[in-house]
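Hi there,

Here is the structure we talked about passing on. Have a look at it first, and then read my notes below.

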Amino acid sequence: MVDKLTPIVTAHWGEEGSWRLENYVSHGGYGAARKALTTMSSPDVISLVKDAGLRGRGGAGFPTGMKWSFIPQDNPNPKYLVVNCDESEPGTCKDMPMLMATPHTLIEGIIIACYAVNAHHAFVYVRGEVLHVIRRLRKAVAEAYEAGYLGADLFGTGYGLDVIVHAGAGAYICGEETALLDSLEGRRGQPRLRPPFPAVEGLYACPTVVNNAESIASVPAIVEHGAAWYQQMGTERSKGAMLYSVSGHVRRPGQFEAPLGITMRELIEMAGGIREGHELKFFTPGGSSTPIFTPEHLDVPLDYESVSAAGSILGTKALQCFDDTVSAVRTALRWTEFYKHESCGKCTPCREGSWWLVQTLRNIEAGKGSPGDVDKMLDVCDNVSMKSFCTLAEGFVACITSAVRHFRSEFEAGCNGTPAWELFPYEASALFAAPRELVTVTSTNEGGAA
Amino acid sequence: MSDHEFMSHFDDAVRIDADEEPTNIDETTLAEMRELAGRYPDSRSALLPMLHLVQSVDGRVSDAGVRACAEILGISTAQVNGVATFYTMYKRRPGGRQHIGVCTTALCAVLGGDILLDHVEKKLGISEGETTPDGMFSLERLECNAACDFAPVMMVNWEFMDNMTPDKAEQLLDDLAEGKPVRSTRGATITSWREAERVLAGFDDGRADEGPSAGEPSLRGLTYAREHGWTAPAEPAPGPEGQEA
Amino acid sequence: MSTDVAAKPDMVTFTIDGTEVEVPKGTLVIRAAEKIGLEIPRFCDHPLLDPVAACRACLVEVPDAGNGRPMKPQPACALTAMPGMRIETAESNDKVAKHQKGMIEFLLINHPLDCPICDKGGECPLQNQTMSHGPGESRYEGAKRTYVKPIHISAELLLDRDRCVLCQRCSRFSSQISGDDFISLAERGAMSQISIYEDQPYTSYFAGNIVQICPVGALTSADYRFQSRPFDLVSTTTTCENCAAGCELRVDHRHYSVRRRLAGADPEVNEEWNCDKGRFGYRSAQDGRRLTTPLVRRDGRLEPASWHEAIDAAVTGLKAAGQAVGVLPGGHLTLENAYAWSRFARAVLGTDDIDFRSRPSSDEEAGFLAAHVAGRGLGESVTYADLEKARRVVLVSFEPEDESPIVFLRLRKAWRKRGLEVVTLAPFSTRGSRKMGARLLPTAPGQEAARLTQLGADGGLDEDTIILVGERAATSPGALSAVVAQATTHGARFAWIPRRAGELAALEAGALPGLLPGGRPGTDPAARAEMAAAWGVRSLPDATGRDIGRIIEAATSGELKALVTGGIQEADLDDPRAFEDALDGVGFVLSLEQRPSDVTERADVVLPVALLEEQAGTFINWEHRTRPVALINAANQAPMTDVRVLAALADALGADLGMRSPAQAGADLAGLPDWAGARAGFEPQAPEAGPDGDGRGMLLASWRLLMDNSAALDGADFARAATQPLSVALSPADAEALGIAAGAPVSLSGPDGSMQLPARIEPDMMPGVVWAPLNSVEPLSVLLGAGPADRVQVEAARIAPPAQTVDQGGAA
């Protein structure tokens with residue numbers, strides 16, 4: 001019987017100086033990379049990761065080993081690994097603490113992944129708005145070079161690898177793998193047409209694997225302990241353990257590394273329950289782009305298949321909890337505003353649909369909606385859904401349609417003269433007691449250190 | 001001949017603010033930009049880092065910076081402009097010495113981000129997207145910054161300021177204004193936005209070892225597991241169908 | 001339409017709305033749908049641009065991707081047809097009709113709906129497809145995005161951003177087709193917009209195309225804005241006269257005045273593009289200076305005269321000259337007009353002194369043209385399609401973007417799509433060269449023969465190589481000979497590409513000394529007999545005629561007594577002053593012209609002739625492809641074509657030209673038998689010794705920029721202003737030695753004078769060579785008294801260049 005929580009990637013996060021090479025090596029760090037490079041062939045590594053059943057942790061859940069096997073080894077161009085650390089999906093907050101605490105886990109995973117696909121150049125694309133994460137990661141890369149874990153001739157095998165840590169500049173869409181590649185090439189981060197797929201023509205039109213940071217960081221333990229070990233965790237088709245990020249109106253939010261299949265009820269309990277005096281109203285299973293769940297879904301096993309069967313997506317396992325003080329109209333609007341802000345503008349339904357829906361939702365929030373607005377909004381969502389260039393637009397379609405499905409009366413109230421803040425006074429949902437009217441106006445600070 | 005009244009004018013074109021003070025970009029900057037370009041198999045990949053560097057030198061994406069990027073990378077200024085205006089971290093008007101961000105995406109907003117933003121706007125006397133007249137602060141309404149378990153979240157120069165309250169925000173801004181040392185809750189001592197941009201561009205400032213390894217929420221599951229004696233499973237004993245390589 | 005034919009490996013069979021369609025492998029569904037006459041709405045799709053699938057108007061349902069599995073709605077513009085695939089459009093699936101309505105509704109929520117004041121109204125894909133596939137009315141009640149409108153993106157182009165649907169056709173054209181990345185999407189999301197950067201305008205020789213392919217009224221030209229309604233225009237398909245590319249044009253006129261010209265669609269020639277010279281260069285005769293009555297010089301003054309008086313005066317002058325007449329028809333004529341000139345010279349005047357080359361030329365070139373260019377048909381020539389298929393193209397004395405822009409587009413396309421290797425023999429890599437990925441073989445003016453020979457020796461020429469040689473090769477002794485020799489030795493093919501639209505036709509008509517129509521060598525008695533018979537004369541003059549240079553000399557010296565010229569621009573000649581001397585020195589000058597020129601001032605009789613738009617005829621492009629010229633303006637002011645005027649002169653001279661109209665000229669020419677005899681022989685010429693080595697000054701390299709002071713562009717002020725600023729190009733070493741910084745004024749001096757322009761430092765310019773535009777300020781021959789391969793003095797100018805360069809600067 002496997003324990004409810006299984007710290008693997010997170011095992012050493014709390015240690016003093018956990019980000020340093022010496023700390024990482026003291027726990028056997030880089031042993032898996034050494035093992036892969038000195039005792040296994042590249043196809044063996046791919047088979048191992050396939051056998052372990054590791055699936056992409058960035059949202060789509062595509063089998064990682066299979067992705068690696070798509071790299072055409074007869075293609076004469078260089079092969080690249082690009083690690084997606086753009087982590088921007090609202091609610092998602094797992095990769096940043098990982099990179100901050102144990103960046104060497106990622107680097108070791110990169111070495112193994114690159115070896116598996118015969119790449120000699122890896123890029124880590126980190127969203128730009130996380131300065132210290134980038135510092136830690138760059139320092140780790142420098143340490144790895146110095147120690148000979150990166151550079152030429154790793155472990156005396158003749159295999160060489162270079163890693164570049166690349167800072168983004170603020171664009172959610174760059175989490176989409178082809179937009180990320182365009183961004184990494186110094187362009188506007190807009191998704192590319194597929195085919196060709198990145199495995200064939202990715203970065204610089206060369207075969208490229210794009211993996212989520214957590215997927216890559218999961219690899220060293222799999223190489224170290226084997227596929228059978230990894231398969232002990234998880235459900236039948238969703239193997240292993242992953243990071244569940246619980247946030248919002250729980251007493252003790254945070255990261256929980258657990259085998260796939262843990263339930264929200266269990267996670268909320270570990271997070272100390274919903275805050276005092278309130279009930280859970282709804283939660284996102286996998287970030288804002290996944291249709292919301294309500295308390296009726298508390299016992300859905302959080303694996304790919306079960307969440308799907310229950311009508312949502314496991315996504316990035318970003319479990320944002322909202323209690324009974326929260327207006328569903330308000331969150332739907334805020335998320336839609338987010339997607340409007342982040343829409344790259346390339347395709348019509350996403351660009352224009354988000355523009356339109358934000359206006360409708362603002363009216364509804366303010367109680368200024370018109371009768372019929374809810375149905376019209378749903379029809380506009382239908383005109384967007386499955387028709388946009390990439391899946392960004394599915395995000396606002398999901399958060400609007402699922403909120404209406406569960407809380408239609410709140411939207412209808414906004415079409416009948418009742419502002420959302422009257423139904424749900426906004427101050428009530430804040431974590432601190434600071435009603436708006438009590439927020440004091442203080443003078444602008446002038447002078448100071450310049 | 002078309003006898004219309006339009007004259008050639010470019011005043012309303014989307015633009016990088018070229019009318020501001022002169023550039024600080026000098027030979028050293030250009031050499032650093034070329035160095036960045038040299039780090040990639042294809043030099044154009046360095047455009048985002050180069051624009052970060054331009055901001056660190058000029059306090060915004062300056063006209064001279066755009067031209068320098070285009071020149072070094074052999075692309076057109078229109079293309080550089082297209083990139084610079086796509087990403088929210090690039091500022092077209094001078095940013096403040098301290099760049100303050102308040103997250104107001106759904107979760108942070110309901111947990112107090114809206115109130116925080118309101119509070120900070122009033123305190124600084126500016127709206128989001130603006131810079132104080134003394135150049136000390138610029139303020140930005142942020143979209144989700146990947147720290148939801150620390151909500152509500154603020155950022156200073158892209159360093160985390162976790163679990164914020166109006167009181168903490170008040171103190172933070174006062175300390176920054178007074179030049180007192182301020183530490184990110186999960187990061188280094190606050191320097192300045194421009195210095196942060198230089199690090200983002202790819203020039204180390206030696207502060208990686210500052211700050212904790214992780215915040216408390218990051219360790220929540222680990223702590224809980226320890227309390228319950230939970231661990232990852234042991235390797236299964238090699239059985240008849242053992243698959244260990 | 002099932003077929004029993006065995007499965008073809010390169011074909012794919014699938015169904016659209018239940019109809020079986022067979023298309024070549026790789027065909028996009030939207031193209032296949034067009035094939036069976038299905039209308040799928042689209043905005044971003046353009047058959048010549050890479051798919052972007054951005055507008056989503058062309059979504060179709062795919063119940064079966066060919067593998068038994070359905071797909072989510074797919075953009076037909078980016079979906080490749082697969083065997084067994086099932087596609088459903090709005091014809092058979094109501095969901096698709098809803099997709100389309102929804103998408104058009106989205107496109108309209110931020111569109112100003114200002115169709116009544118929009119130039120595109122009436123020919124607008126957004127308007128049309130809204131009517132055919134859109135929702136009846138919008139449900140949108142929110143705020144519309146607005147922008148200040150319009151903004152100039154160049155002196156020629158204006159952008160109304162509120163009308164834009166962000167299809168990116170313009171920016172994709174610019175980056176993919178022409179390579180001029182001066183516009184890009186800027187901003188993000190709903191604020192995305194097409195943008196130039198700051199004050200750097202969109203300067204491209206092909207800028208007009210983006211107006212034409214804009215599916216809404218977002219991009220308009222200053223030239224045409226508010227000029228007409230599409231439904232008030234009469235459109236005619238014809239051929240462009242502004243270079244030898246042979247572009248198909250659609251010319252729109254209203255009230256018998258041409259209002260605009262659009263690129264026609266001829267996949268074999270210009271595909272769907274043209275250049276701005278072709279598009280905007282049509283106003284030269286609209287400036288009120290058109291010659292409409294004959295002029296006769298009386299007491300030293302040109303005075304209007306009746307046709308009778310003028311013809312009489314002309315005949316008097318010509319009769320006095322006898323056979324001592326030089327004939328200079330120019331290189332702009334249709335085949336029919338050129339043929340009339342050729343026959344007029346030989347069969348009416350009895351002279352072989354005829355040369356169409358009103359530009360620098362040589363004996364070597366005349367020999368080359370007679371032996372290797374004249375008398376060929378399309379089947380024997382290199383074609384655009386050949387350029388696309390070749391492995392390597394070598395450019396000799398030829399700068400395609402300036403001198404044959406459609407050739408440039410094809411070469412760039414082949415480089416982009418297939419990795420065509422382009423090698424250019426030039427003193428530096430031009431912008432155009434870089435846009436074709438061309439490899440520079442540094443070649444100073446005059447070294448072409450040696451360089452090409454060396455390239456051949458180095459293995460750089462083979463059966464998969466095509467050598468493209470420009471008209472400037474005439475000024476590089478031995479260059480054309482080397483082209484022939486190297487092509488022969490290595491099995492390469494070659495083509496000669498002149499600048500002017502009429503040169504191939506003039507050559508075919510025999511408007512060259514020693515050359516008769518159809519490539520017949522004038523030295524061949526059989527050829528002469530055949531033509532004499534065809535023309536109904538006893539014999540033809542000896543094939544010992546003078547070329548243009550000798551005609552000018554002989555006119556000056558008095559050996560020739562008269563000159564007959566057709567629309568010659570003095571500035572086009574390598575020595576304009578010598579030509580003026582000839583006009584002054586010769587006893588009688590008869591000029592056939594459309595507009596007054598330098599020749600008019602010195603002519604004794606001027607006969608106005610019809611504009612191209614006022615007649616039908618034929619051009620032959622550089623491929624030897626015949627290109628139809630259509631009558632556009634039926635209400636012409638000067639009904640006399642060159643053919644008709646020459647026929648009248650012949651009548652008055654007591655001879656018979658045998659034709660009185662272009663149609664008759666064409667029939668007469670078509671009636672000639674194909675020449676079965678040998679072609680003219682070619683006497684190769686050895687290259688001259690390298691440029692003199694005394695090192696005084698720098699070697700001048702120069703050619704005409706596409707958008708220059710050419711008379712064809714008179715009146716196209718916006719297009720002329722929308723070009724790159726002028727400059728003089730120097731090597732880094734020379735610039736340093738001379739103390740000239742980039743952008744600083746530099747002075748060039750020759751025997752006759754000097755000029756100043758800002759310096760441009762070209763990294764790979766050959767040291768010792770300086771480049772200047774040939775005719776963008778004034779002709780260099782006039783300004784400096786020097787031309788390509790001459791030595792000029794170069795120095796830093798002490799004062800800023802005068803205003804002459806600033807007229808480019810409307811957009812600067």
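Below is what I found, going chain by chain.

A word on conventions: residues are numbered from 1 along each chain as its sequence is written, while chains are lettered from A and ligands numbered from 1 in the order in which they are written. This is a predicted model, in which local features need pLDDT of at least 70, side-chain atom pairs count only at pLDDT 80 or more, and totals for chains, interfaces and linings use all residues.

Helices (H or I, at least four residues) and strands (E, at least two) are DSSP runs, numbered from the N terminus. Strands pair if DSSP finds at least two bridges between them.

**Where A meets B.** Residues are in contact if their C-beta atoms, placed from the backbone, lie within 7 Å. The contact involves 102 residues of chain A and 89 residues of chain B.

**Chain B.** This chain has 8 helices and 4 strands, arranged from the N terminus as α-α-α-α-β-α-β-β-β-α-α-α. Of its 245 residues, 59% are buried (20 or more other C-beta atoms within 10 Å of a residue's own, with C-beta atoms placed from the backbone).

**Chain C.** Here 6 strands make an open sheet with mixed pairing, in the order β15-β14-β26-β25-β24-β16. The edge strands are β15 (301-304) and β16 (325-328) of chain C. Strand β14 (residues 295-298) of chain C runs antiparallel to β15(C), joined by 4 bridges, and C:Leu295 has C:Pro304 as its bridge partner. UniProt (unreviewed entry) places "domain: 4Fe-4S Mo/W bis-MGD-type" at residues 233-289 of chain C; such annotations, with shortened feature names and positions in the numbering used here, may be inferred rather than shown by experiment. The end C-alpha atoms of that span lie 25 Å apart, and the span is 9% helix and 35% strand.

Best wishes

Notes
Contact = placed C-beta atoms within 7 Å. Buried ≥ 20, exposed ≤ 12 C-beta atoms within 10 Å, placed from the backbone.
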